[in-house]
Amino acid sequence: MVQTVEGMVTIVQESRFQLIDDDGVAHLFLLSRHAAAEPADLAPLQHRQTRIRVHYRKARNLIGQMASSIGVLD
Amino acid sequence: MEMHPRVREQTRSEFDTLIPDESELTANVRIEPGRAYGFFTDTTVCIGCKACEVACKEWNNLPADNIGLTGESYDNTGALSANTWRHVSFIEKPVLRHDLQQPFQSGWLMMSDVCKHCHNAPCLEACPTGAIFKTEFDTVVVQQDICNGCGYCVPACPFGVVDVSKVDGKAHKCTLCYDRLKGGLEPACAKSCPTDSIQFGELHKLQARAQERVAELHALGVANAYLYGTPGAAGATGDLQYLNAFFLLTDRPETYNLPAAPTRPANRVAPALTSGLATVAGLAVAALALFARRW
């Protein structure tokens, strides 16, 4: 089931990123192979502290989420 | 206790910026491009605390994987994978010290496994896109924007280190904290190791230190201590020359899930190609002979 969360990216490592939502909760995401984004797109989102919306699914056998799309809100 | 002279320069307990060349304070080594760096893992002092696993996951933002119980003692990660770049293995043995151990007391061997950052790295040689490269610190790193997820590096690695992630479809492995090295920081796992089982430093100095440690252990009566991955030793076989991440072991390599004699797959290309061509030539000659007899 696809879920959505909004917030700002605080950590980027390769295709993994951490998003802090509006309640201050940290979420760990892995960029899905089907996402229309590359790992290189993540660092600018962190540097500019851009508010984003992430659509994600739960990743199998991982304590992390699989980001299927990222939308810029600002 | 011996103190690095630079420690006196940093008297404040809080810092608003990075300490320049912090690795000088934490590992007594200055990180400079063009020099070879690596890990020396002394398994005799590993206590299996998994601080290295946690530090690696924290710094690299890696998710916990392999959820559930493995059934393998205190081992919860199971093996190195796309999301686990440090793996502490727990090897339970019936008796380690015949003279000191109580009856029915089990003995433990613990080892923090990691990518070996081979000198002649087979994963690098197998990579068709050039995504795997040697850094200025003589370490082996996968560039994520170039990796196409073909997975050739996975069977090429003689240690079973490289793994392709099922989520992003790209190859992942330890980078020896490439980003930290560029910032003058010691790799996260080595910095977090409470017993200095994982030591980071310049490779030739680590190798010398490891030789001294083996001699010390031999003098203490641990006759089975030996190095795995230093030039000419076990683990550096098959034209790999040496491993930038090498180990001090006290049992056979297989006990630690390490290959006894790893080899460089590139060395098998010429004989495989020759035997293939010879087979084709032989079949062609046989076919010609058959047809010539008919005519």
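**Exercise 1. In which sense do β1 and β11 of chain B pair, and over how many bridges?**

Solution. 
Step 1. Find the strands in this predicted model. β1 of chain B covers residues 37-42, and β11 of chain B covers residues 245-249. Helices (H or I, at least four residues) and strands (E, at least two) are DSSP runs, numbered from the N terminus.
Step 2. Apply the pairing rule: DSSP must find at least two bridges between two strands.
Step 3. B:Asp42 stands opposite B:Leu248 in β11(B).

Residues are numbered from 1 along each chain as its sequence is written, and chains are lettered from A and ligands numbered from 1 in the order in which they are written. In this predicted model, local features need pLDDT of at least 70, side-chain atom pairs count only at pLDDT 80 or more, and totals for chains, interfaces and linings use all residues, while side-chain values use heavy atoms, with hydrogens and water left out.

**Exercise 2. Are the residues of β11(B) buried or exposed?**

Solution. 
Step 1. Set the cut-offs. Buried means under 20% relative accessible area, exposed over 50%, partly exposed in between (1.4 Å probe, protein chains only).
Step 2. Count. Five of the five residues of β11(B) are buried, so the strand is largely enclosed by the rest of the structure.
Step 3. Sort by direction. B:Ala245, B:Phe247 and B:Leu249 point one way, B:Phe246 and B:Leu248 the other. In a regular strand the side chains alternate between the two faces of the sheet.

**Exercise 3. Describe the sheet of chain A. In what order do its strands close into a barrel?**

Solution. 
Step 1. The order is β1-β2-β3-β6-β4 in chain A, five strands with mixed pairing.
Step 2. Neighbouring strands here are turned by 55 degrees against each other on average, direction ignored.
Step 3. Take one pair. β1(A) and β2(A) run antiparallel over six bridges. A:Gln13 stands opposite A:Arg16 in β2(A).
Step 4. Helix α1 (residues 39-47) of chain A packs on this sheet, and its direction makes about 90 degrees with that of β1(A).

**Exercise 4. How many residues does each chain give to the contact between chain A and chain B?**

Solution. 
Step 1. Chain A gives 19 residues and chain B gives 22 residues.
Step 2. The buried area is about 1700 Å², with 54% from carbon and sulfur atoms. Buried area is the accessible area (1.4 Å probe) that two parts lose on being put together, summed over both.
Step 3. One salt bridge links the chains: a side-chain nitrogen of Lys or Arg within 4 Å of a carboxyl oxygen of Asp or Glu. The partners are B:Lys170 and A:Glu38, with the closest N and O atoms 3.5 Å apart.

**Exercise 5. Which parts of chain B does the salt bridge of B:Lys191 and B:Glu22 tie together?**

Solution. 
Step 1. The side chains meet at 2.8 Å, N to O.
Step 2. B:Lys191 lies in helix α6 (residues 188-192) of chain B, and B:Glu22 in the segment before α1 (23-26) of chain B, so the pair ties together parts 169 residues apart in sequence.
Step 3. B:Lys191 is partly exposed, at 38% relative accessible area. B:Glu22 is buried, at 13%.

Key:
Contact means heavy atoms within 4.5 Å. Axes are lines fitted to C-alpha atoms, for helices over the stretch in contact, and angles run from 0 to 180 degrees between N-to-C directions.
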